[in-house]
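Hello,

Have a look at it first, then read on.

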Amino acid sequence: MSSSEGGGIDVMRVPLQQLEVVRRSLTQEVQTLTTAIKSLKHAQSKFLQSKDAVQQLKPDTTGKPTLIPLTESLYVHAELTDPSKVLVDIGTGYYIEKSQDDANNYFDRKIKYITEQLQSVQKVAAEKQREQAAVAEAYRIRLSQQQTQEQSSSEKSEK
């Protein structure tokens, strides 16, 4: 964040009030990015679970009773008539029938895409956290300097 770090602003020259605004803004950005990372990890986990569920379907499960997940916590008893075909939730309440191979390919693509997005957001979050730490340290130093100046001014005026 300092000018010696390659074209940035020297935070030690920014007025304290503006530094506080920047500090709050960076804190909010870090929180937003952290939430995005959690959401992406959750989505990634869901696709991995879905892929695992599809891979557990074998031809010998035809006609056997099983539990089918409708939601994360709701399962129904059912008999599989054709385990080679599965319904895949593609979002906003739409499902498509796919073969197991096509479903696995779909989940692989989604997992890859989410992993790439996750890595990208993590890089941005790490940079914002570094900026946040630099600004917070500069704010602490500037606040301490201001308090010291105020103390010296009040001591001089008392004399």
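Let me start with a term for how open a residue is: buried means under 20% relative accessible area, exposed means over 50%, and partly exposed is in between, using a 1.4 Å probe and protein chains only. By that scale Glu116 is partly exposed, at 40%.

Please keep in mind that this is a predicted model, where local features need pLDDT of at least 70 and side-chain atom pairs count only at pLDDT 80 or more, while totals for chains, interfaces and linings use all residues. Residues are numbered from 1 along each chain as its sequence is written, and side-chain values use heavy atoms, with hydrogens and water left out.

Salt bridges

A salt bridge here is a side-chain nitrogen of Lys or Arg within 4 Å of a carboxyl oxygen of Asp or Glu. The whole structure has eight of them. Glu116 is in one, paired with Lys112 at 4.0 Å, N to O. Helices (H or I, at least four residues) and strands (E, at least two) are DSSP runs, numbered from the N terminus. Lys112 and Glu116 are about one helical turn apart because they sit four residues from each other in helix α2 (residues 100–158). Lys112 is exposed, with a relative accessible area of 54%.

Further along α2, Lys128 and Glu131 are three residues apart, about one turn of the helix. Their side chains form a salt bridge at 3.7 Å, N to O, and both residues are buried. Arg140 and Glu137 are also in helix α2, three residues apart, and their salt bridge is 2.5 Å, N to O. Glu137 is partly exposed, at 36% relative accessible area. Salt bridges with shared partners also link Glu20, Arg23 and Arg24 into one network.

The nonpolar cores

A nonpolar core is a set of buried Ala, Val, Leu, Ile, Met, Phe, Trp, Tyr and Cys residues joined through side-chain atoms within 4.5 Å. The largest one has 17 residues, and those with the most contacts inside it are Phe47, Val86, Val88, Ala103 and Phe107. Elements giving two or more residues to this core are α1, β3 and α2, and α2 brings the largest share, eight residues. Apart from this core lies another, of eight residues, including Val11, Val14, Leu16 and Val135.

Contact means heavy atoms within 4.5 Å. Leaving out residues up to four places away in sequence, Val86 touches Val54, Leu57, Ile96, Glu97, Lys98, Ser99 and Ala103. Lys51, in helix α1 (residues 16–55), is buried at 18%.

A loop residue

Thr92 is found in the loop between β3 and β4. Thr92 has a phi near 45°, a positive value in a residue other than glycine. Most residues other than glycine have a negative phi. Is Thr92 buried or exposed? At 75% relative accessibility, Thr92 counts as exposed.

Best wishes
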